[in-house]
Amino acid sequence: HNAKEQGVDIRRYVPLMQMKAKERLKLENDLRRALERDEFFLVYQPQVQLSTKELVGMEALLRWQHPKRGLVSPAEFIPIAEESGLIVPIGEWVLTTACRQNKEWQNAGYRPICVSVNLSMRQFLQPNLAGKIAEFLKRIGLDPCYVDLEITESMTLDKEKAFEQLKRLKDLGVFISIDDFGTGYSSLHYLKNMPIDRLKIDRSFVAEVMEDSNNAAIVSTITSMAHHLKLKVTAEGVENEDQLQFLRQQRCHEAQGYFFSKPIKAQEFENIFLKPTIFGLPS
Ligand code: C2E
Ligand code: MG
Ligand code: MG
Ligand code: MG
């Protein structure tokens, strides 16, 4: 056998797991350079108040334009970024970029709205997070009330640590939301005591809300509980009029989903959702 043939043979025996690890390592290395190579961008999805149909916020979502692979989904690269720790600088880029954009739009004279940013576990656990955010917002002149930080239930498993961190963030004046609510594990005790402002009902419940009576019961229960606890409640993944109608009946405050818009680039968001309101046209 010559070397070339051997090479082919060996590759055939590389276990699948190892191939995946190799692929993952490659992606991690690419991710390491993505920030400096300016390969990230943000897309924004509108959040609509159901009682008034008014635009009240937007969620900033991260996108990675890979030079060879094309657009890589966050579902694919966020877990790698989390495990490698790269999520900390990347998350900081997301937060500062989204806040700067929001301030820019306020400066342009558009009616102020809130920007939601997803925090990762590692970001959330940084001891100086609140201080860093406070300093940054002061520097760019954005009022903290226009910033919403989305965390997940799993980030609050260490109750004491989470409580302290949330308290610091709340004292700063930002809004706190629990993302993907209902998919994690959180006790009512925890909900009662955590300094949070809003529950975002996971889109898996909203998706089948008209077909699956269990989902309807879950959405209805979360909404009613939020009302009782004086929390805001937002439905994620609203794709059609029927779901919207159901959510309105439940007195859900806000909704987000493809029914209104997919997440879109800043310029497009400005053209479609911000510009019309400056001339007083219906949004
Ligand atoms: P998420 O925070 O729950 O964001 C909502 C996801 O649902 C987004 O997926 C959005 O595009 C999608 N979505 C919105 N409306 C609909 C709908 O009507 N139907 C369906 N089928 N999907 C809808 P995306 O952008 O792919 O992000 C996936 C997840 O990746 C996010 O879930 C979030 O957990 C994470 N992620 C995205 N950007 C960031 C970021 O900057 N930092 C961190 N830590 N995580 C992020
Ligand atoms: Mg989110
Ligand atoms: Mg999220
Ligand atoms: Mg979610």
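## A tour of the ligand site and its magnesium ions

Begin by selecting the magnesium ions ligand 2 and ligand 3: they lie 3.1 Å apart, bridged by Asn 118. This is a predicted model, where local features need pLDDT of at least 70 and side-chain atom pairs pLDDT 80 or more, while totals for chains, interfaces and linings use all residues. Residues are numbered from 1 along each chain as its sequence is written, chains are lettered from A and ligands numbered from 1 in the order in which they are written, and side-chain values use heavy atoms, without hydrogens and water.

**Stop 1: ligand 2.** Which residues coordinate this magnesium ion? Show Glu 59 (OE), Asn 118 (OD1), Glu 150 (OE) and Asp 179 (OD), at 2.0 to 2.3 Å. Donors here are N, O and S atoms within 2.8 Å of the metal (3.2 Å for Na, K and Ca), and because water is not among the atoms, sites may look incomplete. Along the chain, the donors of ligand 2 are spaced E-x58-N-x31-E-x28-D. Two of them link distant parts of the chain: Glu 150 belongs to strand E5 (residues 147-152) and Asp 179 to strand E6, 29 residues apart. Strands (E, at least two residues) and helices (H or I, at least four) are DSSP runs, numbered from the N terminus.

**Stop 2: ligand 4.** Asp 179 bridges ligand 4 and ligand 2, which are 4.2 Å apart. Glu 236 sits in the loop between strand E8 (232-235) and helix H11 (241-249), 57 residues from Asp 179.

**Stop 3: ligand 1.** Now select ligand 1 and its surroundings, meaning residues with a heavy atom within 4 Å of it. How many residues surround ligand 1? There are 22, and the closest are Arg 63, Asn 118, Asp 179, Glu 239 and Tyr 258. By class, this shell has nine nonpolar, five polar and eight charged residues. Strand E2 supplies the largest share, four residues.

Zoom in on the polar contacts (pairs of N or O atoms within 3.5 Å):

- A nitrogen of ligand 1 is 2.5 Å from a side-chain N or O atom of Glu 239.
- An oxygen of ligand 1 is 2.8 Å from a polar side-chain atom of Asp 179.
- An oxygen of ligand 1 is 2.8 Å from a polar backbone atom of Tyr 258.

How values were computed:
Polar contact = N/O pair within 3.5 Å; in protein donor to acceptor, adjacent residues only side chain to side chain. Nonpolar A, V, L, I, M, F, W, Y, C, P; charged D, E, K, R; others polar.
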